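Here is a briefing on one helix packing and on aromatic ring pairs. Start with the view below.

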Amino acid sequence: MPDDDEARVAAEPEAAVAARAAAEERSAFSHPPVDPDTTAAYGDHPDQVIDFYAPRGGEESAPFVVVLHGGAWRAAYDRRHITPFADFLARRGFAVANVEYRRGGGGSGEGDDGSAAGRWPDTFDDVAAALDALPGLVREALPQADARRMVITGHSAGGQLALWAAARHLLPEDAPWRTERPAPLRGVVALAPIADFAVAEKLDVCAGAALQLLGGEGLFGERQPYADPALLLPTGIATTLVQGRTDVVVPQAVAESYADAAAKAGEVVGLTLLEDVGHFPLIDPAADACAVVAEEIAQLGW
């Protein structure tokens, strides 16, 4: 049975739901981009870079937060839109790394204009390479960061990538991104993540973005075990999902399905559901939900 918020959203006029979601998005995107303290490359491609933000309180040692931005893995959305959130975390005393990665089309055929979601395998190549390079890069770029207190967070498509990055030791043995042991993470805080590809496709999340990411219907089933967080459990790493109950971009059902899959795999995943919150307030420094996200990260990182 649907809960009260789901029932209320379903009963609202479509125009009112769309207007509220649009207002939340406008607010999140209204903040000017915040330049990083320094940027380092983890590869030769222009998108293979990481922006670093020092903790604003002058801390000599601070918990380290790795941020993976969302945008349905599409080229139109790069890391700049989440820099106010990265700065928000830095002002809360965290050392922050904001990771860029390749998105959009693969350069030929479908998706040349960047309208397709992700690049296979480039998107995953980049996230794996960035995480592998981070320990060395952060020692030079951000010595205040305590890599022993590292938490990874991501929003929407970036939430999927955060969950995936924490599960690389569970990938099929022939996966090029597989690691022999779990990532050295204190935890994962996934924000409205596209965490279950089957449910996301059933609900047509972000206009079929997960299907596009994996190369279309002909390749979806074959590639799903290499990419779908709901199939990569249990991770053994503390994980919390933060989800707005009135999110119409990535509905609550997606996060709930991942949490259910984790429970069936013998792992308890936290699920923080926020009343009257949609998709974008989770990364909007002007929204109360953003402070809740920071607290969830602090519980794992401090």
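Rings of Phe, Tyr and Trp (its six-membered ring) pair if their centres lie within 6.5 Å; planes under 30 degrees apart count as stacked, over 60 as edge-to-face and the rest as tilted. The structure holds nine such aromatic pairs. The model is predicted: local features need pLDDT of at least 70, side-chain atom pairs count only at pLDDT 80 or more, and totals for chains, interfaces and linings use all residues. Residues are numbered from 1 along each chain as its sequence is written, and side-chain values use heavy atoms, without hydrogens and water.

**Aromatic pairs**
- The ring centres of Phe94 and Trp302 are 5.5 Å apart with planes at 40 degrees, so this pair is tilted.
- Phe94 sits in the loop between helix H3 (83-91) and strand E4 (95-99), and Trp302 in the segment after helix H10 (288-301), so the pair ties together parts 208 residues apart in sequence.
- Phe94 is buried at 2% relative accessibility (buried means under 20% relative accessible area, 1.4 Å probe, protein chains only).
- Phe124 and Trp177 also form a tilted pair, 5.5 Å centre to centre and 40 degrees between the planes.
- Phe124 is buried at 0% relative accessible area, and Trp177 is buried at 4%.
- Ring pairs join Trp120, Phe124, Trp164 and Trp177 into a cluster.

**Helix packing**
- Helices H4 (residues 122-141) and H5 (residues 157-165) pack at about 60 degrees, with axes 11 Å apart.
- Thr123, Phe124, Val127, Ala128 and Leu131 in H4 meet Gln160, Leu161, Trp164 and Ala165 in H5 (contact means heavy atoms within 4.5 Å).
- By class, this contact of H4 with H5 has seven nonpolar, two polar and no charged residues.

How values were computed:
Axes are lines fitted to C-alpha atoms, for helices over the stretch in contact, and angles run from 0 to 180 degrees between N-to-C directions. Helices (H or I, at least four residues) and strands (E, at least two) are DSSP runs, numbered from the N terminus. Ala, Val, Leu, Ile, Met, Phe, Trp, Tyr, Cys and Pro count as nonpolar, Asp, Glu, Lys and Arg as charged, and the others, Gly among them, as polar. Buried means under 20% relative accessible area, exposed over 50%, partly exposed in between (1.4 Å probe, protein chains only).
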